[in-house]
Amino acid sequence: MKKPYTLLNKAEPYLWILPSIILMSIFIIVPIGFVFRMAFSQVTKAGLIKGFAGFANFEKVLGGAKFAMVLKNTIVWTIFVVVLSTVLGFILALLLNNEFKGRKIARAIVVFPWATTLVIQASVWKFIIDIDYGALNTLLKTLGIISTNVNWTPTPEAYFAWEIACGIFVTIPFVCFTALSGLQSIDSSYYEAAIVDGANYWQKLFNITIPLVKPSLTVATVLNIIYVFNSFPIVWTITKGDPANRTDTLVTYLYKLAFYNGKQGEAAAVSVIGFLILLVCASVYMVSTLKKGDE
Amino acid sequence: MTLDSARINWGKLLSRILLYFVVSVICIVILYPYFVMFCTALKSRQEIFSIQGTIFPKEWMWSNFIDIWQKAPMAQYMLNSIIIAGGSTAIAMICGIPAAYALARMKFKGQTAFLGFIIVSQMFAPVVLLIGIYKVMQTMGLTNSLLGLIFINAAFNQAFTIWLLRGTFMSISAEMEQAATIDGCNRIQAMFKILLPVAAPGIVTTLIFIFINAWNEYTVALCLISTDTIKPLTVGINIFNGYNIIEWQYLFAASIFAIVPVVILFMSIEKNLTSGLTAGGVKG
Amino acid sequence: MKKIIALLMALVMAFGLVACGGSSAPAETEAPKADAPAAEAPAAAGEKVEINMIAAQYGNETADWWANFVTEFNAAHEDINLVVDVVSWNDIYTVVNTRIANGQAPDLLNIDVFADYQADGLLLPAEEWCSEETYAKFFPSFLAESIVDDVVWAVPDLASARALYYNADILEAAGVEVPTTWEELKAACEAIKAYDAEIYPWGVDMTTDEGQACFAYYAWNNGGGFVDADGNWALNSAENVEAVNFIVDLVNSGLTNTDPTTETRYDLQDMFAAGKVAMMIGPNQISKYCEQNGGINYGIASLPTNGDKAGASVGVMDRIMCFDNGYTEAELAAVTAVVDAFYDDEPYADWVLMEDFLPATSTGNELCAAADPGMAAWIDVIGSAKFYPAAKAEWADVKQGVIAVQQEVLLGGNAQELLDALQAEIAG
C-alpha cells in the first residue's frame with residue numbers, strides 16, 4: 001500500500017490544507033495581528049495609534065474596579081449556556097432521532113431559533129419579559145394564572161438569568177444538529193448486537209450512543225465554548241451590561257470601552273486577555289481529548 | 001422500527017405517547033417567541049404599547065407585511081443575503097473539504113499544529129477584529145462589496161467546517177476508498193465517489209451551519225457595507241430602528257421574512273440528514 | 001500529481017466564479033429604490049470630485065431625505081459626486097471609528113461628538129470649509145459649543161431641547177397641578193400613585209443610552225452640573241450628590257417606571273403615549289409622536305427645579321464636521337458647495353421639520369416658526385438651554401461615568417463616594 005517516499009508525496013497533505021490556511025490567514029489571522037498591535041499601543045480616542053505602550057493598557061484594564069466582576073459574569077455565562085445547551089440539545093437530538101410522524105416538521109421548528117439573527121432574537125425576548133407590555137404577562141393574565149403584571153427582572157441577577165436562558169435557547173439547535181448528525185452515522189449493527197445481548201435503553205445510551213457521538217460533540221462543545229464566551233448581541237440588546245456592569249460580559253465590556261469611552265487600546269487588551277483564557281482552556285482540551293481520540 | 005402488529009406492546013405505546021408529548025411541548029416553547037413576533041408584526045403601533053395588552057391583534061394589520069417592501073428594498077436585501085450566504089458556504093466547503101480530508105486520511109507533520117491554528121482563529125469575537133478586517137478589505141479593495149463579506153464569512157466558518165467534516169470522515173472506514181484506489185481510482189476520485197456520498201449527513205449539517213451563520217452575520221456587514229443596495233437583510237432592516245422610534249411591527253415583520261428562506265433551505269436538504277447512510281451502502 | 005494541480009486550478013476557478021457572481025450580482029439587478037448613489041455612479045466618476053459623507057439616521061425619513069438631497073445636488077453639480085452613507089445611531093460610532101482607525105475618514109460627518117477627532121488633529125476649522133454666507137447663519141451661542149483653542153471645529157446641523165411632558169388628564173384626575181419644584185414633583189407623583197397604582201407617575205431613563213441626560217436634568221436644576229464656573233470638572237459637588245440622591249429616591253419610592261436602567265426614553269415615550277406614564281422629561285419630538293400614536297391630552301412645562309434655584313433646559317446639539325483629508329482646492333470647493341446646499345434655506349427647513357428638530361440657524365428659525373407655530377415656543381426653550389460640555393476631551397469618560405454612578409447608587413451605592421471617585425479619576 002505504501003507509495004515510494006518522495007518529496008511530492010510529502011508535500012501532498014500541505015497542498016490539501018493550503019486553501020484553508022490562506023483563507024483563514026488573510027481574513028482572520030491578519031486582523032488578529034492588529035488586535036495585538038493595538039493592545040500594546042497608545043491609541044487615541046479617535047482610534048489612531050501613537051506609539052508603543054508596553055503593558056500600560058493591560059495594567060489599566062486589570063486595575064479597573066469592574067474587571068473582576070465582568071470576568072466572573074463571563075465565566076458564569078459561558079458555563080451555564082454551554083453546559084445546559086449541550087445537555088438539552090443532546091436530549092432533543094435523541095428525541096428527534098426517533099422515527100415518528102411529523103419529525104420533519106419538528107426538525108424544521110428546531111431550526112427556527114438558529115435561523116433568526118441574534119439581535120432580533122434578543123429583541124423578542126426583551127419584548128416577552130417586559131413588565132409593562134411584555135407578551136408573557138399578557139399571556140399569563142389571559143390564561144388567568146396571574147392577575148397583575150409580574151416583574152420578571154427585579155434584580156440584575158434576574159436579568160442575567162434571562163440572558164442566559166436566551167443564550168441557551170439559541171444555542172440548542174447548534175448542539176442538537178451536531179449531535180443528530182453524529183447519531184445518524186452510528187452503524188445500527190451496534191444496536192442489533194446490543195439487543196441480542198439483552199441491553200436495555202439506558203445501557204444502549206451510555207455504552208453505545210454517547211461514546212460514539214462524543215467525538216463530534218466534543219468538537220462542537222469546544223467551538224461552542226469559544227462562540228458563547230465571545231457572544232455579543234444577546235447581552236447587548238437586552239441590557240447593554242446595565243445596571244453598572246452587573247450584566248456585562250467581556251465582549252460587551254470591551255465594546256463599551258472601545259466605542260463609548262474611546263479606549264480602543266484597553267479594549268484590545270481585554271480581548272487579548274479573553275483570548276489567553278480561551279487558549280488555556282483549549283490547550284487543556286487539546287492535550288486531554290485529542291491524544292485520547294487520535295492515538 | 002415498525003410496531004409489532006400481532007400484539008399491542010404497552011410499553012412501546014406509552015413511550016410513543018410520551019415522545020409526542022415531549023416533542024410537542026418543546027416545539028411550542030420554541031415557537032412561542034415566533035408567535036409573539038408574528039402577532040406583534042400584525043399589530044398597529046398603538047396596540048403594541050397599549051395598557052391592556054393583547055395576545056392576538058385586535059385589528060389584523062396585514063398591511064404591515066406589505067409596507068416593509070415599500071419602506072425598504074427588502075427584495076434586494078434578501079437577494080444580497082442569499083448571495084453572501086450561498087457564496088460563503090461554497091467557498092468554506094471548497095477550502096474545508098480538502099483540509100478535513102487531509103486531516104482524516106493522511107499523516108503529516110504539523111497536523112496538531114494545524115488543528116490548533118484552526119481553534120485559535122476562532123478565539124476573537126468579530127466585534128474585536130473589525131478594525132483589522134476593515135484594513136485587510138481596504139488593501140484588497142473589498143470594502144463595500146459582497147465578495148468581501150463572502151470571504152469573511154467563509155473564513156469565520158472554516159473552523160467548524162474542518163472540525164466537523166474531519167470527525168465525519170474519520171468515523172467512516174477508509175477500507176472502501178482503499179479498495180477503490182486499487183481499482184484504479186486516484187485519491188480525488190475516491191473522495192468524490194466513495195467518501196462524500198457516505199459523509200452526506202455531516203456535510204449537510206456543515207452546509208446548514210455555514211449558511212445560517214453567514215445569513216445571520218451582522219457586525220462585519222455593518223462596518224463593511226455602506227451602499228444601501230448591497231446591504232444584507234440583517235443590516236438593511238435596521239432602517240426600522242430609528243433615532244426616535246423603533247418600529248417593532250416592521251422590524252418583526254421583516255424578520256419573519258428573513259427566517260423563511262433558511263427554513264425552506266433546511267427542509268429541502270433535511271432528508272440527506274437521514275438518507276446519507278443508506279446511500280453509502282453501509283448496512284442498516 | 002497532475003490531479004492535484006487540476007484540483008487546485010478548479011479551486012481557483014471556483015473562487016473566480018463566485019467572485020464574479022458575487023460582485024456583479026448587485027449591478028445586474030435593478031435597484032428597487034433610487035437611493036443608491038454609489039451604484040449609479042457613472043463610469044467616468046474618476047474625473048469628478050468625490051465627496052464622502054457619513055450621516056446619522058434620525059428617523060424613518062432621514063435616509064430618503066438624504067437620497068433626495070444627493071440626487072438633486074449631483075444633478076446640479078456635474079463635476080461633483082456626493083456619496084452619503086446614512087448610519088443608525090446604534091452603529092455610527094463603530095462605523096466611524098473603524099474607518100478613522102484605517103485612515104478612511106469621511107470628508108464630511110454628521111454626528112454629535114467632535115472633540116476626540118479634533119484632539120487627534122483630524123478636523124479642519126469650520127471657517128475653512130464654510131462659506132461666509134453660511135457661517136453667518138449660525139447662532140454664535142451654538143458655535144461656541146464647538147470651540148477648542150479659540151477655533152470653531154464643527155457647525156450645528158440641528159438641535160433639540162428637553163421639557164417636562166405631562167398627561168393633563170391623569171394630572172387632573174389625580175387632582176394635582178403641574179409640578180414646578182422637586183417638592184411638588186414628589187407630592188404629585190404620590191398623588192398620582194394613590195389615584196391609580198397601575199400608572200407610573202414619573203418616567204426615568206438612566207440607561208447607557210442616555211443616562212447622562214438624567215444626571216443633567218437634576219444636577220442643572222439644582223445649581224450643579226458637569227463643570228464649575230471656570231469650566232473645570234466639578235462632578236462631586238454637593239448639588240450633584242443631592243440631585244442623584246433625589247432621583248434615586250424617587251425610583252426607590254416606587255414612583256417611577258420599574259426599570260430605569262434598561263428602559264430607554266423610547267420605551268418611556270411609548271408608555272407616555274399609551275397613558276401608562278404620567279410625566280416624563282423628553283425632547284420636542286414627543287409632541288408629534290403623541291399626536292400620531294393615540295392622541296393623549298398632553299401638556300408641556302419647564303423642568304422642575306429644586307426650590308427656587310434657577311432652572312435650565314437640557315439642549316442637545318448635533319454637528320457637521322469636515323475631516324482633513326488633504327484636499328485640493330477643487331475638493332475643498334466641493335465640500336463648501338455641499339455644506340452651502342445643505343444650509344440653503346428651503347432644504348434646511350425641510351430637514352429640521354422632517355424629524356421635528358429645532359433649527360440651528362437664524363434663517364432656519366424664521367422659516368420653521370412660520371411653518372409650525374408650535375415650534376416658536378421651543379425655539380425660546382432652546383435659547384435658555386444648557387449643553388453638555390462635549391468640547392472637553394474627557395467628555396466620553398464623564399458621560400459613561402455619571403451613568404455608572406447613578407446605576408450604582410440605585411443598587412445601594414453612596415452617591416458622594418462614587419462621585420468623589422469619578423472626579424478623582426477624571427480630573428486626576
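Here is a chat about chains B and C of a predicted model.

Q: Before we start, what kind of model is this, and how are things numbered?
A: It's a predicted model: local features need pLDDT of at least 70, side-chain atom pairs count only at pLDDT 80 or more, and totals for chains, interfaces and linings use all residues. Residues are numbered from 1 along each chain as its sequence is written, while chains are lettered from A and ligands numbered from 1 in the order in which they are written.

Q: Great. How many helices and strands does chain B have?
A: Chain B has 15 helices and zero strands. Helices (H or I, at least four residues) and strands (E, at least two) are DSSP runs, numbered from the N terminus.

Q: And what are the dimensions of chain B?
A: The C-alpha trace of chain B spans about 70 × 70 × 30 Å along its principal axes. Its radius of gyration is 24 Å, whereas a compact globule of 284 residues would have one near 19 Å. That radius is taken over C-alpha atoms, and the globule rule is 2.2 Å times the number of residues to the power 0.38.

Q: How much of chain B is buried?
A: Buried residues make up 55% of the 284 residues in chain B. A residue is buried if 20 or more other C-beta atoms lie within 10 Å of its own, exposed if 12 or fewer, and partly exposed in between, with C-beta atoms placed from the backbone.

Q: How many residues of chain B are in contact with chain A?
A: In chain B, 81 residues are in contact with 75 residues of chain A. Two residues are in contact if their C-beta atoms, placed from the backbone, lie within 7 Å. Helix 1 (residues 10-41) of chain B gives the most to chain B's side, with 13 residues. By class, that side of chain B has 58 nonpolar, 20 polar and three charged residues. Here Ala, Val, Leu, Ile, Met, Phe, Trp, Tyr, Cys and Pro count as nonpolar, Asp, Glu, Lys and Arg as charged, and the others, Gly among them, as polar.

Q: Which domains is chain B divided into?
A: Chain B is divided into domain 1 (10-62) and domain 2 (64-279), with bounds that come from an automatic or database domain assignment. The C-alpha centres of these two domains of chain B lie 30 Å apart. Their contact takes ten residues from domain 1 of chain B and eight residues from domain 2 of chain B. On the domain 1 side, helix 1 of chain B supplies the largest share, four residues.

Q: Now helix 3 and helix 14 of chain B: at what angle do they cross?
A: The axes of helix 3 (residues 63-71) and helix 14 (residues 248-269) of chain B come within 9 Å and cross at roughly 90°. That makes helix 3 of chain B roughly perpendicular to helix 14 of chain B. Axes are lines fitted to C-alpha atoms, for helices over the stretch in contact, and angles run from 0 to 180 degrees between N-to-C directions. Angles under 35 degrees count as roughly parallel, over 145 as roughly antiparallel, 65 to 115 as roughly perpendicular and the rest as oblique.

Q: Which residues make that contact between helix 3 and helix 14 of chain B?
A: Helix 3 of chain B uses Asn64(B), Phe65(B), Asp67(B), Ile68(B) and Lys71(B), and helix 14 of chain B uses Gln249(B), Tyr250(B), Ala253(B) and Ala254(B). They divide into five nonpolar, two polar and two charged.

Q: Switching to chain C, what is its secondary structure?
A: Chain C comes to 20 helices and eleven strands. Buried residues make up 50% of its 428 residues.

Q: How is chain C divided into domains?
A: Chain C has domain 1 (37-160 + 317-387) and domain 2 (161-315 + 390-427). Their contact takes 22 residues from domain 1 of chain C and 18 residues from domain 2 of chain C. Helix 18 of chain C gives the most to the domain 1 side, with four residues.

Q: Why is helix 11 of chain C largely enclosed?
A: Nine of the nine residues of helix 11 (residues 211-219) of chain C are buried, so it is largely enclosed by the rest of the structure. What covers them includes helix 12 (238-252), strand 8 (277-283), strand 10 (314-322) and helix 19 (395-410) of chain C.

Q: And Trp220(C), is that buried or exposed?
A: Trp220(C) is buried, with 24 other C-beta atoms within 10 Å. Trp220(C) is found in the loop between helix 11 and helix 12 of chain C. Leaving aside neighbours within four places in sequence, Trp220(C) is in contact with Gly225(C), Ala312(C), Val314(C) and Lys386(C).
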